[in-house]
Amino acid sequence: MEIKTVRIPTGTPGDIHAVMEVSDGVIVNAEVCSSTTPLAWETLVLEKHPEFAIVAAERVCAGCDASAGLAVAEAIENALEVQVPDAATEAREALNAANTVRSHATSLLKSDLDLDADALYTVIKAAKKVLHALGRKPDHPPAITPGGLELETIPTAKVENAAKEALETAEKIKDDTASAVDDLKDEIQAEMNVETYGEPGYKADLTPDDVEIVPPDEFYRMKSALELANNHVALVDGNPTLVGPQARKNLTDHPLDAYTAKAEEIVESLEKIAETSENLDPNADVKTDVEYTSGEGHAAVEAPEGTLLVTIKLRNDRVDEALMVTPSNVKAAVAGRVLKDLEEEHAPTVIKALGLSGRCLTH
Amino acid sequence: MKIAVLSLMACGACARNLEEACHETGHEIVWSSLDGDTGKPDADVLFIDGAVDFTDHETLEKLQETTSAVGTVVSLGSCAATGGFERHVIGMRDPDRYHFTVFPAAKFTDTDYAITGCPPTTDAIAAFLQALDERDEEALRPYKVLSGDYHALKPDLPAPVTGPELPVEDVLLTSNKDLCLGCDLDVIEKDLFCVGCGTCSTACPAMAIVMDEKPVIRQERCIRCGTCFASCPRSFKTTRG
Ligand code: SF4
Ligand code: SF4
């Protein structure tokens, strides 16, 4: 038996390490953690204006940026009991879907699958057009604000065209991904016996009561993991749980099905964007005035990489307490189990497929 | 050109836009820490993405090793160039509470150019790549000026401010970079250079500037990225006009 610590390049910001007990080339026990310097979103937003909490959340990790901003905005609205106009909720759903398209296509580009980069950049461009149109910038969309979206009108035609134009390419990516995943599955024998959480859609019903946040010194058992870990992990209903595209699509036979699920979600998200924009009135009201009082609220959204939960306590126009549980916090608890019984050499490919980001994990 | 990417404390959006710009312009990324590359890159240009914790010796060593191997070093995005959003980091979170000394990567290593933005757009990066590839010195000048170590600059003016033909270096010297690059707007306005064109407001990635004839910064949204200053046509009025 040998204990090995391997830095796993995931293509995402921050560091991810797998600490593995290996016997005859097979992993018998593993823990996955991050040594990334914590951004500490929860402390850097204290005493700041609630709007800053949104702007800051979008800069935790580029993968789920818009979704993180939306979760914080909705937690603020729930704390203040603000009712957002229906059109804003619809437009936000399309924004979240565009974030999913870009994030998944980027993840497929970084994967160990041999896919058509031109096709993936075509859908990334379409997603960026939607993010730009509804969020006012292609990255970290700043239009997301408490009360709705900071938009004069909703550029529905631009959004609809961008989504529809990319659909055919997205279908091709879906087919290519399915066959590339099948080929790679022949090489990598793996099983996943894990609990899952998540449904297709935008908002999730996860509440702070469902989640237990475990500090690293209570979760990790292996010495190297304990020394390296700068991250907390989160259990759902007391269990290590898989969130994200595989959980939402119920495709959990093999870890590489994460890519199959992502390719399917790209198509579905583009369809959702097109359908939403078709039904939206460009002149509909998308912003309610917000009066900052005191209160506490939470919100959860299905971000590209999984369910993202935010709770926030406000004291007038200042943040008094804040908490964020990211998809990587939840997935880190289950990642070690996914590695179990796998041949050691396949650990990097499988961890990359799980979609962990060191930055998301330490946020 | 052969491109290398070193990603430090960053959200990853700058590197993602660089990858897209390289795909579009045909430049090849031959080395990337995001993809697990280590050691000395064999590349023409190194882009550094992100800030650094002053106490993170391992990262500082990595920074020295990679920058020493490549001829041209570029700070990519505001976190690397000025500290940007990462300068808000105050640490104070378990289990590693003592990491609040975050500075831009450019503070610890010599850089040749800087592209500010949070993040710089794919088009902005592509424009820089073109200028660099063509060695277009005039087009590269703003990127060169922005690559200075802001935090070492003093607010003392070398000469009285006299008019809009002020060289860009002098404008940079008029503000206190220790505090906030974004606050340069106050200086521009105070010195009556601002013509109220609204370029800064359009460029701001956080929608933190509203125009009331002159720009007014909504500090509650400002991430100190400096994009406003870098985009202002008056702050970049060069001596050549
Ligand atoms: S006002 Fe906007 S562009 Fe200027 S530093 Fe602040 S966030 Fe950046
Ligand atoms: S870009 Fe410069 S000149 Fe134009 S409004 Fe802003 S500060 Fe004034």
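The model is predicted, so local features need pLDDT of at least 70 and side-chain atom pairs count only at pLDDT 80 or more, while totals for chains, interfaces and linings use all residues. Residues are numbered from 1 along each chain as its sequence is written, chains are lettered from A and ligands numbered from 1 in the order in which they are written, and side-chain values use heavy atoms, with hydrogens and water left out.

Select chains A and B together. Here 43 residues of chain B are in contact (heavy atoms within 4.5 Å) with 51 residues of chain A. The two chains bury about 3900 Å² between them, 54% of it on carbon and sulfur atoms; buried area is the accessible area (1.4 Å probe) that two parts lose on being put together, summed over both. Between chain B and chain A there are eight salt bridges, each being a side-chain nitrogen of Lys or Arg within 4 Å of a carboxyl oxygen of Asp or Glu.

Next, select B:Arg221 and A:Glu51, which form a salt bridge whose closest N and O atoms are 2.6 Å apart. B:Arg221 lies in the loop between strand S9 (214-217) and helix H9 (227-231) of chain B and A:Glu51 in helix H2 (residues 50-57) of chain A, so the pair joins two chains; helices (H or I, at least four residues) and strands (E, at least two) are DSSP runs, numbered from the N terminus. B:Arg221 is buried at 2% relative accessibility, and A:Glu51 is buried at 8%, where buried means under 20% relative accessible area (1.4 Å probe, protein chains only).

Move on to B:Glu19 and A:Lys110, whose side chains meet in a salt bridge (2.7 Å, N to O). B:Glu19 lies in helix H1 (residues 13-25) of chain B and A:Lys110 in helix H4 of chain A, so this pair also joins two chains, and both residues are buried.

Then select A:Asp139, which is buried with a relative accessible area of 5%. The side chain of A:Asp139 meets that of A:Arg102 in a salt bridge (3.0 Å, N to O), and that of B:Arg16 in another (3.2 Å, N to O).

Finally, centre on ligand 2, which 13 residues surround, each with a heavy atom within 4 Å of the ligand. The closest are B:Cys194, B:Cys197, B:Gly198, B:Cys200 and B:Cys232.

Definitions and conventions: Buried means under 20% relative accessible area, exposed over 50%, partly exposed in between (1.4 Å probe, protein chains only).
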